[in-house]
Amino acid sequence: MAHALEPQAKTLSEAGSASLYGKLTELDPRVRILAVCLFAVVTVALQTLSTLVAAFSVSLCLLILSGLPKRRTLKHMAMMDGFIIFMLVLMPFSMPGDAMFTVFGFPASWQGLWKAIEIALTANTVILALMVLVGTMEPVTLGHALHRLRCPEVLVHLLMFTIRYIEVLREEYLRLRGAMKIRGFRPGTNWHTYRSFGYLVGMMLVRAIERSERILSAMKCRGFSGRLFLLQDYALTRRDRLFAVSMCALCAGLLILDHL
Amino acid sequence: MHIVDGALSNPVVIGGALAAVGGIAMGLKSLDLDRIPAAGVLSASFFVASLIHVPIGPSSVHLILNGLAGLLLGWAAFPALFVGLLLQAVFFGFGGLTVLGINAVNIAFPAVLAWMLFGRLIGRGSPVQGAIWGGIGGAFAIAATTALVAVSLALSGKEFIPAAKLVFFAHIPVMVIEAVLTGFAILLARKVKPELFLKGRAA
């Protein structure tokens with residue numbers, strides 16, 4: 001997780017700041033969410049390598065259209081690959097098939113290699129499209145759009161609370177870490193470190209619960225009755241429809257190509 | 001321990017999504033008006049806690065703390081952890097979209113299970129006793145999560161079995177660390193805010 005963040009980087013307050021530029025970010029958030037869901041399902045359903053490459057290039061085109069900083073977004077995407085690289089490297093050895101070469105007597109199969117490439121392509125295609133289409137939203141907009149898409153209300157509330165307090169609690173965490181550092185705490189592989197981190201987590205939770213009690217009384221004082229009123233309304237424009245139709249056409253095209 | 005899109009077979013993905021919907025529905029039912037802020041703030045703190053890197057030998061691991069989340073939230077841990085996974089996928093690009101369901105089940109179901117098995121015990125006896133049960137709960141949740149990840153990989157195809165075994169054994173040190181940290185976190189909470197575990201425990 002934290003590989004993604006430099007120590008001083010903000011967690012979610014910077015997310016969605018890209019909405020200042022780019023054409024895709026002006027589209028209706030509901031359309032973007034639905035489009036990426038459709039695209040993800042279609043991509044996962046693809047069987048052949050050539051269509052997967054085509055799907056990946058669709059994601060790349062979306063990235064270019066979005067006007068996001070390309071290098072940074074691709075770096076983010078590649079970070080996920082770090083997690084799955086072990087599984088992918090093992091694939092050629094664990095899947096039976098025609099031998100490609102042998103390492104220490106273990107044959108590596110072509111079938112396994114292709115399968116590993118397929119998984120890597122699928123995973124990257126979906127995550128890139130998700131980051132470009134939905135990750136560029138203000139986190140709060142995501143909540144509003146999900147609400148309009150008839151997600152359960154309580155789940156949307158939970159999402160909104162989480163989004164709101166991640167940054168607050170992260171600052172609290174950094175403050176506590178600062179206090180530890182100034183007292184000479186240096187993490188290492190020892191009991192003292194684990195105990196200190198345990199206390200740190202415990203303290204964060206105690207403070208979080210106390211904070212939530214204050215939030216609840218503040219909300220009740222303002223007449224909170226279990227509903228948040230989300231006033232934002234969305235209307236589809238011609239451009240949204242155009243985007244939706246072209247995404248559907250692209251997905252249909254990919255599926256047809258796949259079956260040829 | 002995120003599984004990515006495209007790795008799992010369709011039945012596993014669909015089964016995971018259905019199970020996640022069920023778990024989230026159970027969790028949402030347990031969230032009444034008074035508990036929404038607490039669940040939201042705790043969900044945010046577990047998100048932040050997962051950013052903490054704990055050194056282990058020459059490397060480091062990041063915390064998951066799903067056991068602790070379960071012990072504090074009960075069924076509500078399901079939607080809370082789901083929200084965390086959703087935000088991670090959307091804004092940081094970890095995990096995937098179609099596998100959100102199965103990932104949520106793999107992480108949140110052990111959390112709920114830990115609460116069912118050990119939830120009562122952490123509030124009883126001396127703080128140290130509670131902390132020990134908390135530690136056992138923390139280790140249990142990670143063990144169950146890795147086992148579920150391994151099972152979902154193994155169900156998707158025989159070629160994943162070596163990877164599944166690797167996942168399980170690679171996480172044994174993580175289990176130990178999570179156990180120790182969960183234990184100390186509970187110990188501190190028991191000492192600083194004992195009433196947290198007296199009134200129904202689940203925040």
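Reply: Of the 260 residues in chain A, 39% are buried (20 or more other C-beta atoms, placed from the backbone, within 10 Å of the residue's own; exposed means 12 or fewer, and partly exposed lies in between). The model is predicted, so local features need pLDDT of at least 70 and side-chain atom pairs count only at pLDDT 80 or more, whereas totals for chains, interfaces and linings use all residues. Residues are numbered from 1 along each chain as its sequence is written, and chains are lettered from A and ligands numbered from 1 in the order in which they are written.

Chain A has eight helices and two strands (DSSP runs numbered from the N terminus: H or I of at least four residues for helices, E of at least two for strands). From the N terminus, these elements follow the order α-α-α-β-β-α-α-α-α-α. The radius of gyration of chain A is 23 Å, well over the 18 Å that the globule rule gives for 260 residues, so the chain is more spread out than a compact globule (the radius is taken over C-alpha atoms, and the rule is 2.2 Å times the number of residues to the power 0.38). The C-alpha trace of chain A spans about 65 × 60 × 30 Å along its principal axes.

The chain is divided into domain 1 (17-137 + 233-259) and domain 2 (152-221), with bounds that come from an automatic or database domain assignment. The C-alpha centres of these two domains of chain A lie 34 Å apart. Among contacts in chain A between residues at least 6 apart in sequence, 74% join residues at least 24 apart (a contact places two C-beta atoms, built from the backbone, within 7 Å).

Helix H1 deserves a separate description. With 17 residues at 1.5 Å a residue, H1(A) should span 24 Å, and this agrees with the 24 Å between its end C-alpha atoms (the expected span is 1.5 Å times one less than the number of residues). Its buried residues include Pro29(A), Val31(A), Arg32(A), Ile33(A), Phe39(A) and Thr43(A). The packing partners of the buried residues of H1(A) are helix H2 (49-66), H4, helix H5 (139-148) and helix H8 (238-259) of chain A.

The loop between H5 and H6 of chain A holds Arg150(A). This residue has a positive phi of about 70° although it is not a glycine. Most residues other than glycine have a negative phi. Arg150(A) is exposed, with 8 other C-beta atoms within 10 Å.

The largest nonpolar core has 151 residues, of which Leu130(A), Ala77(B), Ala80(B), Leu81(B) and Ala108(B) touch the most other members (a core is a set of buried Ala, Val, Leu, Ile, Met, Phe, Trp, Tyr and Cys residues joined through C-beta atoms within 7 Å). Domain 1 and domain 2 of chain A each give at least three residues to this core.

The surroundings can now be described. Chain B has nine helices and two strands, with the pattern α-α-β-β-α-α-α-α-α-α-α along its sequence. Its radius of gyration is 16 Å, close to the 17 Å from the globule rule for 203 residues, so chain B is as compact as a globular protein of that length. Buried residues account for 63% of the 203 residues of chain B.

Within chain B, helix H4 (residues 77-92) has 16 residues and reaches 21 Å between its first and last C-alpha atoms, close to the expected 22 Å. Of the 16 residues of H4(B), 15 are buried, so the helix is largely enclosed by the rest of the structure. Gly93(B), whose phi is positive, near 75°, follows H4(B). Leaving aside residues up to four places away in sequence, Ala77(B) touches Gly27(B), Ala69(B), Gly70(B), Ala108(B), Ala111(B), Val112(B) and Trp115(B).
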